[in-house]
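Hi,

Here's the structure I promised to pass along. Have a look at it first, and then read on for what turned up.

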Amino acid sequence: MNLEINAVLSPGEPLPEVDIWLVVDVLRATTTITTYFENGGRLLLPCATPDDARALRRELGEDWLLMGERNALPLDGFDVGNSPLTFKHDFVCEHPHAIMSTTNGTGALLKAMKSGRPVYAACARNAKACAQIALSSGDKVGILCAGRYGMTALDDSLCCGLLVDRLMRLNGAALLNDGATIAYSLWKRAAENFHATLCQAEHAKLLLELGLTQDVAFCAEPDQSGFAPALGLWGEHPAFIHNLETN
Ligand code: MLT
């Protein structure tokens with residue numbers, strides 16, 4: 001297949017026409033979403049703002065888990081923050097329906113959804129799984145990085161490079177846009193030291209300062225999950241819905 005990979009390294013950039021979007025917020029939103037479904041999640045509704053999330057919980061009911069963060073810290077009135085390590089199997093089975101809002105990740109997911117193309121939550125842990133699904137969706141693959149406060153972020157760019165690597169390993173040669181070339185070069189330089197390089201990112205440093213060392217380590221483990229959560233609609237709500245095709 002004549003694979004074309006278009007990486008958008010910061011969320012403010014215009015989105016090119018592609019067949020599928022892989023959205024990356026490796027620290028931690030897309031890692032958390034992947035883990036949530038891997039451990040039994042059934043529905044997860046991403047919201048752009050905390051107030052949207054709070055309003056949606058009032059609408060849907062108290063049995064919906066309210067999860068998310070701003071600046072890495074849990075939000076007032078939310079049930080939990082955004083650590084993927086929170087979502088162990090027993091906890092998720094008690095909370096199979098969730099509403100989520102994060103600083104950068106949920107906004108990027110909703111932006112990609114406006115393209116009308118399939119959107120998947122991508123991270124290091126499900127990189128190969130996402131590459132496999134992307135290649136079955138067409139020959140133009142987009143990778144959108146959530147970045148940080150509208151700017152390019154080292155962590156997501158590095159994870160983007162990992163996704164480019166997995167796509168090229170599965171497909172062979174590919175035509176890369178400049179964003180994908182930059183990300184791939186970053187990955188190749190760091191490949192043997194992915195975790196250490198990830199720790200150099202501004203957001204990783206903030207997580208480490210907050211004592212969330214295990215979160216960063218967990219997010220930095222490539223190809224540990226076969227789940228690639230797909231963003232669709234539940235009624236009129238954008239939603240990740242557990243189905244067989246995501247694992
Ligand atoms: C984000 O959306 O920027 C991340 O999810 C932040 C985090 O979880 O610390």
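This is a predicted model: local features need pLDDT of at least 70, side-chain atom pairs count only at pLDDT 80 or more; totals for chains, interfaces and linings use all residues.

A polar contact here is a pair of N or O atoms within 3.5 Å; within protein, one must be able to donate a hydrogen and the other to accept it, and residues adjacent in sequence count only if both atoms are side-chain atoms. By that rule, a polar side-chain atom of R28 lies 2.9 Å from an oxygen atom of the ligand. D25 does likewise with a polar side-chain atom, at 2.7 Å from a ligand oxygen, and for N82 a side-chain N or O atom is 2.6 Å from an oxygen of the ligand. On its own the ligand exposes 270 Å², and the protein buries 99% of that (Shrake-Rupley areas, 1.4 Å probe).

Residues are numbered from 1 along each chain as its sequence is written, and side-chain values use heavy atoms, with hydrogens and water left out.

Back to the ligand: 13 residues surround it, the closest being D25, N82, T102, N104 and H203 (a heavy atom within 4 Å counts as near). That shell divides into four nonpolar, six polar and three charged residues (Asp, Glu, Lys and Arg count as charged; Ala, Val, Leu, Ile, Met, Phe, Trp, Tyr, Cys and Pro as nonpolar; the others, Gly among them, as polar).

R28 has another thing to show: the peptide bond from L27 to R28 is cis, with omega near 15°. N71 is one to look at too, with phi near 55°, a positive value in a residue other than glycine. For background, most residues other than glycine have a negative phi, and most peptide bonds are trans.

Cheers
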